[in-house]
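Please examine the sequence and the model shown here before reading on. The explanation begins with the whole chain and then turns to individual elements and positions.

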Amino acid sequence: MMSRMEKLLPRVGLVLVLGLTVSGCAASSGKRGVARVKAVRTVRAPEHLLWYQQPARDWEKQALPVGNGRLGAMVFGQPAEERIQLNEDTLWSGGPRDCNNPEALAHLDEVRQLLFAGKPGEAFRLAKRYLMGKPMTLRPYQTLGDLRLTFPGHENFTDYRRELDLETGLMRIRYRVGGVEYTREIFASHPDQVLVIRLTSSAPDGLTFFATLTRPERVELSVADGNVLIMDGNLDGGEGLDFRAALRVVNEGGRVFAPGRRLEVRGARSATLLLGAATSFGGRDAATDARRSVDLAAAKSYDALKAAHVRDYQALYGRVRLDLGGPASYLPTDQRLQRVREGWPDPGLEALLFQYGRYLLISSSRPGDLPANLQGLWADGLKPPWNSDYHLNINLQMNYWPAEVANLSECAEPLFMLIESLREPGRRTARIHYGAGGWVAHHITDVWGFTVPGDGPQWGLWPMGAAWLCQHLWEHYAFTQDREFLRRRAWPVMREAAEFFFDYLVESPQGYLVTGPSISPENRYRLPDGTEGVLCMGPTMDIEILHDLFTNCLEAAAVLGIEDDFTRRVRETMKRLPPLRIGKHGQIMEWQEDYDEPEPGHRHISHLFALHPGRQISRHRTPELAQAARRTIERRLAHGGGHTGWSRAWIINFWARLGDGEQAHHHLVELLKRSIAPNLFDLHPPFQIDGNFGATAGIAEMLLQSHEGALELLPALPKAWAEGSVRGLRARGGFEVDIAWREGRLRSAEIRSLAGRPLRLRLPGEVRIRRDGPGGRVVRLREVEPGVVEVPTRRGERLWIEPAS
């Protein structure tokens, strides 16, 4: 357990160790012993460092990730037999195909009528037979393979340390064999598009190793120019993508050999390995692209490659700083996590988890590359869990919850490109399956434009994927105030997604317009006669997503000065949507009827979309619905809910939106205890990266909210974070925010106006607002609604906020 001394240690790198010599007689008589004070210099783990005292053995829980958005690697750090598992983000099995089912439309109305008649079993059987895609399954994202490094004689090592520095995006491994120190420094360079591995020895000729590339399926290995190992392959038995990986060795001292299918370096002082990879995705030349990248990188020094990488990476990562207070920790990351599981507080580890989510997003989602999938960029094997695909019923969206607020707006660009790529296939699916205009996507997709209902009705007959994705387009505008993005890219996609529902919605027996056949994602309900159902008409989540899409469309139209038949039809349709209702348990009803459910602790809490990430439920404006949302969460948790990592992360965001910092923090700690691996990967289980991103978003949501048209500082600050600061968070309206607090209360804040929009601020008590810093002119506050003031701003202006007393 953590000692009292460690809990009280200050955040400095010098520790006083007190050695007490006390005789039993002196102790029993109450006399003081003699204290010997010894100053010991220690190494404190800063809150941007993951570090360990042993190599990794397990891919999912111990290996550490590096990535540049396109190339990824999981590094084990084994001294003698190193494994570096590799990914290239376009290496997907399969290819473009038409999975639309021409039989679907003819049976659509029959399924709807069965559901209205209370016959979910018959409806399910008919839907399974006729309404699903053909085929209805995806092909997987796959590993590129492994880089294997063998270091003869390194089986017995000492002084081992393995670390991932989030500040620089560098991974380092250090150990000793005999009297020689060996180091490895590894990073994935975005500027140079290669994986870089630097190997050094403290002895002039102490570095000897062998390198090869492997993959579970057959590949061809060859050597070029005596120092370049090439791995060529093709997916799906020659029917899929071509790919190539090229490994080039640049040695300093010693010699390079190429016997057979490996490279050997003998007697060197250091060596730099450069690995490039490419596929034929999008018509690219895999062989040329992979080789070109390593040859261009080899023309630069290692120091130049490293400097370019750090400069590029820090331009994104360095925008946000977070300090949640608490004592410094001098323990390895896995030991810190274990102590949290034993009940010890560690705000620093919580801050580290926040920044780790930002690191993972930078590393797995860069402009020009593909979006982060279920495992981000990193997937092992040929059949990773859930194909490592894009799930659209929360998982892909959760991946991008932190992008705007955590000041990584550029990292959302791959998501926007994916959305655009789905429009054309989504139009075909809308027409063939539903006889509708607009575009639609269901619960899963891939890089090949899969938009049909997939996997089975109980998962895939849910036509809300496109509508939910459109929220991210609007959010990008809301945070950046980029009107050109809104006009050219967001508005056409959002409008077309909304148009689908004009044709798709049907009138219920109660006179409402509802979706269906659909599901409340992956959940079931029970009819009064005990019959269980999955398919339904008008599940609450669908209606909430529609409300969100329509609201965002109307707000976008107002910004763009559009008022036409489309906007009028949106307003008319919104009036006919079912209202949110409160059920017999005091909860938000999940379906149009107040059904009980066979699994009341279900991992999805889909009917609270309106609380988060939507904004229809508000503790300020709809307190009765907010209370029902609270009851919904409590009921789920009482029956074992939140048992998956991503679900627990969503719960953090729910409690933050409800302004309950204690509950939000409790579930952050529970996430660390139950669902975070020693390498800080989130576990469903197995590994799903969405829980990492959801946790980062949740921590930001506890510190800053702006979804209701006004900035709110420290809306859900827990007692555990009594003192701290954050710099660089973004808020809707085009603002960047720094906040400092002490004893649980606002100490100061600086808000920078990036777009020159009026600032609306929900007052955190009695405050003064000054222009241009702490010594500036005090602003007269104008209240625009209870507790909310508005302050005009100019682009680039800084507003300083401080307590009035």
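Predicted model: local features only at pLDDT ≥ 70, side-chain atom pairs only at ≥ 80, totals over all residues.

Residues are numbered from 1 along each chain as its sequence is written, and side-chain values use heavy atoms, with hydrogens and water left out.

The protein contains 20 helices and 35 strands; helices (H or I, at least four residues) and strands (E, at least two) are DSSP runs numbered from the N terminus. The C-alpha trace spans about 80 × 75 × 55 Å along its principal axes. For 805 residues, a compact globule would have a radius of gyration near 28 Å, and the protein agrees with this at 28 Å. That radius is taken over C-alpha atoms, and the globule rule is 2.2 Å times the number of residues to the power 0.38.

Of the 805 residues, 62% are buried, where buried means under 20% relative accessible area, exposed over 50%, and partly exposed in between (1.4 Å probe, protein chains only). The accessible surface of the protein comes to about 30,000 Å², of which 48% belongs to carbon and sulfur atoms; accessible areas come from the Shrake-Rupley method with a 1.4 Å probe, and for residues only the protein chains shown count as cover. Among contacts with a separation of 6 or more, 69% join residues 24 or more positions apart, a contact being heavy atoms within 4.5 Å.

The expected span is 1.5 Å times one less than the number of residues. The buried residues of α6 are Y302, L305, A308, H309, V310, Y313, L316 and Y317. Helix α20 (residues 690-703) has 14 residues and reaches 20 Å from its first C-alpha to its last, close to the 20 Å expected. In α20, 14 of the 14 residues are buried.

N407 lies between α10 (401-405) and α11 (413-434), and N407 counts as buried because its relative accessible area is 2%. Leaving aside neighbours within four places in sequence, N407 is in contact with L316, R319, V320, R358, P402, G728, R730 and E736.

At which loop does H442 lie? H442 is placed between α11 and β21 (444-445). With a relative accessibility of 0%, H442 is buried. Residues up to four places away in sequence aside, H442 touches L392, T429, Y434, T451, V452, P453, G460, W462, P463 and G465.

I543 belongs to helix α15 (residues 540-560) and has a relative accessible area of 5%, so I543 counts as buried. Not counting residues up to four places away in sequence, I543 touches L513, V514, G538, L577, P578 and Q592. G325 sits in the loop between β19 (321-323) and α7 (333-341), and G325 is buried at 11% relative accessible area. The C-alpha atoms of G325 and V779, 454 residues apart in sequence, are 31 Å apart in space.
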